[in-house]
Amino acid sequence: MTSEQSKEEILNDAMAYVNEIKVAFKEEREKYDCFMKILRDFKEKRIDTNDVISATMELFKGHNDLLLGFNAFLPSGYKIQLPIEGEHLSKTVVLRCECCRNFENKVKSRFEGNSPVYKSFQGIMNMFGEGKKSITDTYQEVASLLVGHTDLLNELNHFLPGASGP
């Protein structure tokens with residue numbers, strides 16, 4: 001097999017996978033569009049592989065076939081693993097995100113003198129981690145807490161990839 005054939009096969013597989021997503025979410029076009037945004041953000045290096053995995057896991061929650069199918073396109077050393085039965089997928093996403101603690105610490109130190117803001121942030125993130133709040137709702141609520149803190153808002157876009165920012 002030549003490298004041209006290999007590239008062509010990979011492209012065909014990728015197109016088939018994207019079509020599978022389009023069919024799976026024909027009634028929820030925004031999920032397909034969101035996935036395409038995740039891929040564009042990755043291509044343009046606005047997010048890294050871990051961010052792609054986290055966002056895809058949240059977006060395709062309940063569609064294990066799509067999640068596992070995405071593994072074929074991940075670089076060596078990366079793999080989506082389904083959560084253990086009974087474990088919330090979004091909690092897995094939060095735990096997998098290495099930037100979670102760093103971002104939380106930045107918010108905590110920024111709002112040391114304003115503990116209600118930090119406590120609200122913690123409450124929102126806990127609800128997200130327990131699967132009681134969607135990534136979009138989480139983004140919107142945290143963004144409203146961080147108004148006027150452009151650096152944190154920019155980091156929030158990386159911290160919660162796939163959420164619809166302003």
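Throughout these legends, a residue is called buried when its relative accessible area is under 20%, exposed when it is over 50% and partly exposed in between, with a 1.4 Å probe and protein chains only. The model is predicted, so local features need pLDDT of at least 70 and side-chain atom pairs count only at pLDDT 80 or more, while totals for chains, interfaces and linings use all residues. Residues are numbered from 1 along each chain as its sequence is written, and side-chain values use heavy atoms, with hydrogens and water left out.

**View 1. The aromatic pair of Tyr17 and Phe35.** Seven aromatic pairs are found in the whole structure, where rings of Phe, Tyr and Trp (its six-membered ring) pair if their centres lie within 6.5 Å, and planes under 30 degrees apart count as stacked, over 60 as edge-to-face and the rest as tilted. Tyr17 and Phe35 form an edge-to-face pair, 6.3 Å centre to centre with 70° between the planes. This pair links distant parts of the chain, 18 residues apart, with Tyr17 in helix 1 (residues 3-24) and Phe35 in helix 2 (residues 29-43); helices are DSSP runs of H or I with at least four residues, numbered from the N terminus. Phe35 is buried, with a relative accessible area of 1%, and Tyr17 counts as buried at 6% relative accessibility.

**View 2. The buried residues of helix 2.** Tyr32, Cys34, Phe35, Ile38 and Asp41 are buried in this helix, which is followed by Lys45, a residue whose phi is positive, near 60°.

**View 3. The buried face of helix 8 (residues 135-145).** Ile135, Thr138, Tyr139, Val142 and Ala143 are the buried residues of helix 8. Seen down the axis of helix 8, these residues fall within an arc of 125° (taken from the directions from the helix axis to the C-beta atoms), so they line one face of the helix.

Definitions and conventions:
Helix = DSSP H or I, 4+ residues; strand = E, 2+ residues; numbered from the N terminus.
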